[in-house]
Every structure is written in C-alpha cells, then in structure tokens.
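Hello,

Here is the structure I promised to pass on. Please open it first, then read my notes below.

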Amino acid sequence: MQPLHIALQPIGANILEEQLTAKQMNAEEVQDWLANQIAEQLGTDADEIDIRVPFDSYGLDSVQAMSIANFGKQHLGLNISPLVMWNYPNIESLSQFLAEELAQANLETFEI
C-alpha cells in the first residue's frame, strides 16, 4: 500500500492568494468580475449583463447587493458597503471606483 501524501494549506491561504491577485486588477477586470457576480445572483449568463445598465434595472434586492459586497470583501480584500452600488449605479462606474480603491490599497501596502 502506497502512503497517502496530503498537502495542507493554512485556512484562508486561497483567499489571501485571491486578494493579492485582485489587488492587481484593472477596471476592465473588475467589470468582468462584477458582471459574473451579478449574473450568478440572477441565474443568467455574464454575457447578458450590460455594464452601463443601472443595477436597479436588474432587480437586485438588498440581500443580493449584500452578497455581492461580501464576495467583494473576500475576493478584492476591500470593505465594500452595499450602499456603494447606489452611489455608483452601474458596473462601469462601480468597477472604476473599485479599481481606484484597489490601486490605492496597493500603494498603501508598499508604503509600509
């Protein structure tokens, strides 16, 4: 019988790796990520999501907005309030804001 080798990773290692990768995302990559998140919430294909259409046109409720914000915190490493989706009412504007936040967080990381 061959011995079983298992590689263990610390809990949260994948999340940290995703966050480090996310900090390098530009606005277009954030747009794609947001479109995928919204499509998943709506049970549709990301190709059917128009980045210029207001979020409320998709019928997202507060629970879905909170879910997207939580995914954003996990994936992007940013504390995203669901209210930001109303300050930046479509994927195009929100992704630009989030890309700027990621860039700022990246600069702060290197300033330490």
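Asn90 counts as buried, at 14% relative accessibility. This residue sits in the loop between H4 and H5. Leaving aside neighbours within four places in sequence, Asn90 is in contact with Ile51, Arg52, Val53, Pro54 and Phe55. Please keep in mind that this is a predicted model.

Now the overall layout. The protein chain has five helices and zero strands. From the N terminus on, its elements run α-α-α-α-α. Of its 112 residues, 33% count as buried. Take the contacts between residues at least 6 apart in sequence: 61% of them join residues at least 24 apart.

Next, the salt bridge. The count comes to one. Its partners are the side chains of Arg52 and Glu92, at 3.4 Å from N to O. Arg52 lies in the loop between H2 and H3 and Glu92 lies in helix H5, so the pair ties together parts that are 40 residues apart in sequence. Are these two buried or exposed? Arg52 is exposed, with a relative accessible area of 55%. Glu92 counts as partly exposed, at 30%. Arg52 is also one of the residues in contact with Asn90.

Gln31 is found in helix H2, residues 27-42. Its relative accessible area is 16%, and the cut-off for buried is under 20%, so Gln31 is buried.

On to helix H3, residues 62-76. Does its length agree with what its residue count predicts, or disagree? At 1.5 Å a residue, its 15 residues should span 21 Å. The end C-alpha atoms are 20 Å apart, which agrees. Which residues of H3 are buried? They are Gln64, Ala65, Ile68, Ala69, Gly72 and Leu76. Seen down the axis of H3, these buried residues fall within an arc of 140°, so they line one face of the helix.

Asp61 caps the N-terminal end, with a side-chain oxygen 3.1 Å from the backbone nitrogen of Val63. Just after H3, Gly77 takes a positive phi of about 75°.

Last, the core. In soluble globular proteins, nonpolar side chains tend to be buried together. Here the largest nonpolar core has 28 residues. Those with the most contacts inside it are Leu34, Leu76, Met85, Ile91 and Leu98. H2, H3, helix H4 (84-87) and helix H5 (91-111) each supply at least two residues of this core. Which helix gives the most? H2 does, with seven residues.

Leaving aside its neighbours within four places in sequence, Leu98 is in contact with Val30, Leu34, Leu76, Leu78 and Ile80. Leu34 and Leu76 are, like Leu98, among the core residues with the most contacts inside it. Leu76 is also one of the buried residues of H3.

Best wishes

Methods:
Residues are numbered from 1 along each chain as its sequence is written. This is a predicted model: local features need pLDDT of at least 70, side-chain atom pairs count only at pLDDT 80 or more; totals for chains, interfaces and linings use all residues. Side-chain values use heavy atoms; hydrogens and water are left out. Helices (H or I, at least four residues) and strands (E, at least two) are DSSP runs, numbered from the N terminus. Buried means under 20% relative accessible area, exposed over 50%, partly exposed in between (1.4 Å probe, protein chains only). The expected span of a helix is 1.5 Å times one less than its number of residues. The arc is that of the directions from the helix axis to the C-beta atoms. A polar contact is a pair of N or O atoms within 3.5 Å; within protein, one must be able to donate a hydrogen and the other to accept it, and residues adjacent in sequence count only if both atoms are side-chain atoms. A nonpolar core is a set of buried Ala, Val, Leu, Ile, Met, Phe, Trp, Tyr and Cys residues joined through side-chain atoms within 4.5 Å. Contact means heavy atoms within 4.5 Å. A salt bridge is a side-chain nitrogen of Lys or Arg within 4 Å of a carboxyl oxygen of Asp or Glu.
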